[in-house]
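User: Could you take me on a close look at one part of this model, the place where the helices pack against each other? I would like to know how they cross and which residues meet there.

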Amino acid sequence: MTYSNAYIPSRIAVNILTTAFFGIGTVMANYREKGILRRYQVTTVRPWMVLTAQTVQGTVIFTISAVIILIFGYLVFNLHVPKYLGSTLLTILLSLVAFFPFGLLINSIAKNVRTALAINSLALNLMIFLSAPFRLNGCQAYYVLSPTSFRFTTSLI
């Protein structure tokens with residue numbers, strides 16, 4: 001496994017997390033703090049429309065940035081296309097479906113945007129630290145799916 005085959009997918013995973021936490025969730029917390037969501041209640045705009053619009057916007061932003069990361073990976077790191085492209089795309093879609101509501105959930109407990117940003121930063125850094133997507137040894141990247149890291153993660157929970 002080359003460095004790019006481990007690093008580029010890890011960057012895309014972090015991109016999903018940051019889009020969910022800082023893109024969708026923080027925008028909704030900002031709308032709530034400024035009273036924009038309350039103003040929507042007197043219009044014909046329904047809550048699911050606002051959530052759908054934010055989800056589509058977050059998905060578009062994620063897709064653009066993921067394509068830029070992949071192009072950079074192909075040009076600079078000679079990244080290879082995944083062997084099973086369909087399952088890779090399905091995994092990315094399921095990750096988006098899982099983390100976007102999670103970002104909204106985290107931001108729903110915050111009273112204002114500053115608190116939401118602090119909670120998001122803490123959750124993002126904990127997820128990155130506990131997942132240990134790769135560990136570098138020179139230029140080779142090895143996935144850390146060892147029993148030791150799993151035991152450490154479960155002991156924290």
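**Where the helices cross**

The axes of H3 and H4 approach to within 11 Å and cross at roughly 130°; axes here are lines fitted to C-alpha atoms, for helices over the stretch in contact, with angles running from 0 to 180 degrees between N-to-C directions. H3 and H4 are therefore oblique to each other, since angles under 35 degrees count as roughly parallel, over 145 as roughly antiparallel, 65 to 115 as roughly perpendicular and the rest as oblique. Their crossing is right-handed, a term used when the near helix is turned clockwise from the far one by less than a right angle, with anticlockwise giving left-handed. From H3, the contact is made by Leu-51, Thr-55, Gly-58, Thr-59 and Phe-62, and from H4 by Ile-92, Leu-96, Phe-100 and Leu-104; contact means heavy atoms within 4.5 Å.

Before going on, a word on the source: this is a predicted model, in which local features need pLDDT of at least 70, side-chain atom pairs count only at pLDDT 80 or more, and totals for chains, interfaces and linings use all residues. Residues are numbered from 1 along each chain as its sequence is written, and side-chain values use heavy atoms, with hydrogens and water left out.

H4 also meets H5. The axes of helix H4 (residues 85-108) and helix H5 (residues 113-131) come within 9 Å and cross at roughly 135°, so this pair is oblique too. The crossing of H4 and H5 is again right-handed. On the H4 side the contact involves Phe-99, Phe-102, Ile-106 and Asn-107, while H5 brings Ala-116, Ile-119, Asn-120, Ala-123 and Met-127.

With 7% relative accessibility, Thr-19 counts as buried (buried means under 20% relative accessible area, exposed over 50%, partly exposed in between, with a 1.4 Å probe and protein chains only). Beyond neighbours within four places in sequence, Thr-19 is in contact with Ile-24, Gly-58, Phe-62 and Phe-100. Gly-58 and Phe-62 of H3, and Phe-100 of H4, also take part in the H3 and H4 contact. The C-alpha atoms of Thr-19 and Phe-99 are separated by 9.0 Å, although these residues are 80 residues apart along the chain.

Gln-54 has its place in helix H3 and, at 7% relative accessibility, counts as buried. Not counting residues up to four places away in sequence, Gln-54 touches Ile-24, Val-27, Met-28 and Tyr-31.

Asn-78 lies in the loop between H3 and H4. At 52% relative accessibility, Asn-78 counts as exposed. Its phi is near 55°, a positive value in a residue other than glycine.

Now for the setting. The protein has six helices and two strands, in the order α-α-α-α-α-β-β-α from the N terminus; helices (H or I, at least four residues) and strands (E, at least two) are DSSP runs, numbered from the N terminus. The average pLDDT is 80, and 81% of the residues score at least 70, pLDDT being the predictor's confidence in each residue, from 0 to 100. Among the elements, helix H3 (residues 47-77) has the highest mean pLDDT (89) and strand E2 (residues 140-142) the lowest (41). Over residues 138-146 the pLDDT is below 50.
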